[in-house]
Amino acid sequence: MTGEPSTACPPGRHTAPVLRAAGDSALLVEFGDRLDPAINNAAIAFDARLRQAALAGVSETAPTIRSVLVRYDPLEIAPAALRAALTELLDERDWLSAPAPAQRSLWRIPACYGGEHGPDLDEIADLVGCTPREAAERHANAHQRVFMLGFAPGVAYLGLLPEAWNIPRLKEVRPEVPACSLLVAIRQTVLFAAAMPTGWRSIARTPFRSFDPRRQPPVLIAPGDEIGFEPVDAAAFVRLCESAEAGKDIVTRESLS
Amino acid sequence: MLEIVSAGPSLTIQDRGRPGLQRFGITQGGVMDAMALAEGAALLGQCGDLAVIEMAGFGGSFRAHGATLRIALTGAAMRARLDGQALPWNTSFALEPGMTLEIGAAENGVYGYLHVGGGVATPEQIGSRSTHLRSAIGGLDGRALAQGDRLPVGQDAGGRTGLVLEAGKRFGQREVRILWGAQADAFSPAERERFLATTFEMTTRRDRQGARLQPAGDPFHAETALTGVSDAVVLGDIQVPGDGMPVALLADRQPTGGYPRIATVISADLAAMAQIPGHATFRFRLVEESDALLALGRQKREIAELSRQMRPLVRDPRDMGDLLAFNLVDGVISAREEETS
């Protein structure tokens, strides 16, 4: 084994799946390089298979938008042995035809669009080519898929919005948007759990805490789930924030299986 | 109870962190220098899972309340004084109520560690006491320690103090071993060669999340533009953002990222990387995966042998104000153990 990357496959000409070493204690099983529900389903399904297989020496797996991270102890399982075990599991089926996860949910999450909670709504509507009211409605009703939890605790990458929403990132990074902001760019929505700097535009804010360390589990939504937003006004937003602070459920969950 | 009489700019409570939660966007975090955690545990003869105070660049002053506390200091050597008397680093000693332990600036690295017998016993949050400042979890209310904080201390099983360990070889190490990263093939062979031949300066734009590295030559550029669809990142990844200035991703790194990672620091050199002082220069050296595993195995054995490497602290008594604080002779058990037995 050498330290060379496992493959010289250039982005955009991807033949899935690909195993890539990520340091001496992790491998990435890559199913593609695009934001694509089929690629995402493959990653989610293979992650579930790995959890079921419980390979000795593997300490953790995590699905991303397009791959599965496999962390392991190389003193317990040699990299070559792990690669062989992963290849065997990969050969079990065509993972790119895997369906969406069986146990998935549709979440309805309140969100306050525009105004101080979504200061970029007007600009977003201009870019999309509709009125701010229509932009809020279309975004809320889009039923976006959770592609990944990443970046920070409970931060959800949602998509894909229609092509009209292929709006660019801001040229300058904003020093901070408040916690629980909904940000949009390039046909995606990011649900931020904490206050963060960002180059994306802010369309709304939700009283829902996608990450709450007091809750068990701290993160409720899972990759493969779908999310619709329920527009609420600023007064309802304040009330719902208080309910969330008090630990009450302010979202609804419906099984999609 | 341990009182923070004064605090340097970044004292945080850390342990091994929160492994296994990357699927929720929760990064492992934990100590920047895992060797230092093991060294402190060995000096106090206790479990390496207990929480410690990590001191970035500068310490603070500390006082015990109630019972005498056993203390060990490891990691980057810092100027330390116990009631005004100079203390050697990498030692264990007793901190009696009324005494003041003062810890100053780091001299040969960045992260110093204060270990206490029984461990820092702040509440666990999501399975760990580690502070993750950005998410405001762990530690004391998810924040850095401040003047006036009083930290609960766990039950100390007791044991000897006045022991010393030699400073680890990682301090002063200016060659960091790497494997090519998961996206190294986005860079041309020439650009990768240049990466290996370049001397880097550790900038002061660094924290627990990552460290920006200043190359002596031009910035680095990926040949094939990535689609920018985020992927998982791992501890020790060297990512190259748009400006071409590499960033080493450390304990509190984001769990995912969209920039290409040209290289990944081998596990055995993560502590050495974290401890490179600001403005120091260093280079990366490419190794084979098998070398990385040999180095990791060696480090694991070194940790297992730490308790046999300890020796009693022998000092010139004329330099010492309080021999008792060191329990020099036969390792008198701690006052705390006497109380509880």
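This is a predicted model: local features need pLDDT of at least 70, side-chain atom pairs count only at pLDDT 80 or more; totals for chains, interfaces and linings use all residues.

**Entry 1: overall form of chain B.** I put the rule to work on chain B. For 341 residues a compact globule would have a radius of gyration near 20 Å, and chain B has 21 Å, which agrees. I then checked the box along the principal axes, and the C-alpha atoms of chain B fill roughly 65 × 40 × 30 Å. Of the 341 residues of chain B, 52% count as buried. I counted secondary structure next and found seven helices and 22 strands in chain B. I also looked at contacts in chain B between residues at least 6 apart in sequence, and 78% of them join residues at least 24 apart.

**Entry 2: domains of chain B.** Where do the domains of chain B run? The domain assignment gives domain 1 as 2-165 + 310-340 and domain 2 as 175-301. I took the centres of the two domains over C-alpha atoms, and 30 Å separate them. At their contact, 15 residues of domain 1 of chain B meet 12 residues of domain 2 of chain B. I sorted the domain 1 side of that contact into six nonpolar, seven polar and two charged residues.

**Entry 3: where chain A meets chain B.** I turned to the contact between the chains, which takes 45 residues from chain A and 42 residues from chain B. Which elements of chain A give two or more residues to the side that touches chain B? I listed β1 (18-21), β2 (26-30), β3 (58-63), β4 (67-72) and β6 (144-149) of chain A. β3(A) gives the most, with four residues. By kind, the chain A side divides into 27 nonpolar, 11 polar and seven charged residues.

**Entry 4: a sheet in chain A.** Several of those names came back when I traced the strands. An open sheet of four strands runs in the order β1-β2-β4-β3 (chain A), with antiparallel pairing. β1 and β3 of chain A stand at the edges with a single partner strand each, so one side of each is left without a neighbour in the sheet. Neighbouring strands of this sheet are turned by 20° against each other on average, direction ignored.

**Entry 5: one pair up close.** I finished on β3(A) and β4(A), which pair in the antiparallel sense over five bridges. Here I noted Pro63(A), which stands opposite Val68(A) in β4(A).

Conventions
Residues are numbered from 1 along each chain as its sequence is written. Chains are lettered from A and ligands numbered from 1 in the order in which they are written. Two residues are in contact if their C-beta atoms, placed from the backbone, lie within 7 Å. Ala, Val, Leu, Ile, Met, Phe, Trp, Tyr, Cys and Pro count as nonpolar, Asp, Glu, Lys and Arg as charged, and the others, Gly among them, as polar. Two strands pair if DSSP finds at least two bridges between them. Axes are lines fitted to C-alpha atoms, for helices over the stretch in contact, and angles run from 0 to 180 degrees between N-to-C directions. Domain bounds come from an automatic or database domain assignment. The radius of gyration is taken over C-alpha atoms; the globule rule is 2.2 Å times the number of residues to the power 0.38. A residue is buried if 20 or more other C-beta atoms lie within 10 Å of its own, exposed if 12 or fewer, and partly exposed in between; C-beta atoms are placed from the backbone.
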